[in-house]
Amino acid sequence: MAIINRIADWQADMTRWRRDIHAHPETAFEETRTSEVVAGLLDTFGIEVHRGLAGTGVVGTLRSGDGARQIGLRADLDALDLHEKNEFDHRSTHDGKMHACGHDGHTAMLLGAARYLSETRNFDGTVHFIFQPAEENEGGGRVMIEDGLFDLFPCEEVYGMHNAPGLEVGRFAVREGPFLAAFDIFEVVIKGTGTHAAMPDRGADPMVPAAQAVLALQALASREISPLDTVVVSVTQIHGGDTWNVIPDEIVLRGTCRWFEESVRDALETSMRRIVEGIASAHRCEATLHYERRYPATVNSAKQTAFASDVAAGLVGTGNVERSHQPVMGSEDFAFMLQEKPGCYILIGNGSAEGGCLLHNPHYDFNDDILPLGASYWARIAESALPRS
């Protein structure tokens, strides 16, 4: 692998930054300490720092030469609401919060690239290092844009990256066009009439239509949406009842939908509403659906995807870059940035997923061995996109 030697020399530093962030996880819009760490490091690198977008967002700006072109490189800052089950020294010190998606590693890699580019300045133009809060569920990327991200920092292109457990170290994966799915959430409230569990006929039991609704919603993907359209509907929560012998008044179902085409989203919401209302009515209950449209699909631009793939190939070899990776049903709010600017979102191999090293798993940990490769990728993106003449 053609890792930049200077960046490789800093692996211990990047590992220390990453593990410090891992040990102090902060969730959506509460990344106060994390943003302090990032801003402080950028300042020591001699990079101009802007703070406050989306509350805890940080943007570092570095200029070199006389070039007018500007690009953005983006990493995410936030952790998840999850109890960590690892026992290593850098495990979470905040109970119930954990870096289970590798945003600590993404941040450390971008910091490593920022340090290198500030030292070498082997580019002509402006690089904006975008450290974004609240990627998980809350759309911090959208909020940064609404707060003026691209007005204050007029990037021509934007690039993002995520680690991929199960993809070998030394490999990248990417895809032109729709790469990651859109992300929506829903809540179904089924209201009946509570009664004694021994006398269900005297009330209207919401548990039965709730159970039927779970099965019916899962069947949407195979029976109401075209098999040519990729879609996932998952019920992930069921809430209701307080004791063994009481039929409750109300059951709440919650879950998520994933899709790639906007027409699928519209069909899903319409069908889900009809199904839950119909099932509830058949059991003398009422149902309401709250459907919340969260993230659009992450769609990579053709030119920038080819460019990013070539940069990755320059580091790991052409055979180690999957340029037509299958679409991923996970979601990313980097999608909002790609709606505003052309760009590319790429996956970097995190190595084996054994032992629970899966995204959003309580045993996950970022692989520190890939820090120099990720930082080298970011540095080469900047140097190749903004070449010196």
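Begin by selecting glutamine 70 and, setting aside its neighbours within four places in sequence, show what it touches: Thr126, His128, Pro154, Cys155, Glu156, Glu157 and Leu386 are in contact with it. Keep in mind during the tour that this is a predicted model.

Stay with glutamine 70 for a moment and colour the strands. Glutamine 70 lies in strand 3, which covers residues 70-76. Is glutamine 70 buried or exposed? Its relative accessibility is 18%, and because buried means under 20%, glutamine 70 counts as buried.

Now display side chains for glutamine 70 and histidine 128. The two side chains make a polar contact, at 2.6 Å.

For the next stop, select residues 302-316, which form helix 10, and residues 371-385, which form helix 12. Two packed helices are described by the angle between their axes and the distance between the axes. Here the axes come within 10 Å and cross at roughly 125°. Helix 10 and helix 12 are therefore oblique to each other.

Which residues meet where helix 10 and helix 12 touch? On the side of helix 10, pick Phe307, Ala308, Val311, Ala312, Leu315 and Val316. On the side of helix 12, pick Leu373, Ser376, Tyr377, Arg380, Ile381, Ser384 and Ala385. Colour this contact by class and you will find 10 nonpolar, two polar and one charged residues.

Finish with two loops. Go to phenylalanine 29, in the loop between helix 2 (11-23) and helix 3 (32-44). Check the backbone here: phenylalanine 29 has a positive phi of about 65°, although it is not a glycine. With a relative accessible area of 34%, phenylalanine 29 is partly exposed.

Then move to asparagine 137, which you will find in the loop between strand 4 (125-132) and helix 5 (140-146). What is the phi of asparagine 137? It is positive, about 75°, and asparagine 137 is not a glycine.

How values were computed. Residues are numbered from 1 along each chain as its sequence is written. This is a predicted model: local features need pLDDT of at least 70, side-chain atom pairs count only at pLDDT 80 or more; totals for chains, interfaces and linings use all residues. Side-chain values use heavy atoms; hydrogens and water are left out. Axes are lines fitted to C-alpha atoms, for helices over the stretch in contact, and angles run from 0 to 180 degrees between N-to-C directions. Helices (H or I, at least four residues) and strands (E, at least two) are DSSP runs, numbered from the N terminus. Angles under 35 degrees count as roughly parallel, over 145 as roughly antiparallel, 65 to 115 as roughly perpendicular and the rest as oblique. Contact means heavy atoms within 4.5 Å. Ala, Val, Leu, Ile, Met, Phe, Trp, Tyr, Cys and Pro count as nonpolar, Asp, Glu, Lys and Arg as charged, and the others, Gly among them, as polar. Buried means under 20% relative accessible area, exposed over 50%, partly exposed in between (1.4 Å probe, protein chains only). A polar contact is a pair of N or O atoms within 3.5 Å; within protein, one must be able to donate a hydrogen and the other to accept it, and residues adjacent in sequence count only if both atoms are side-chain atoms.
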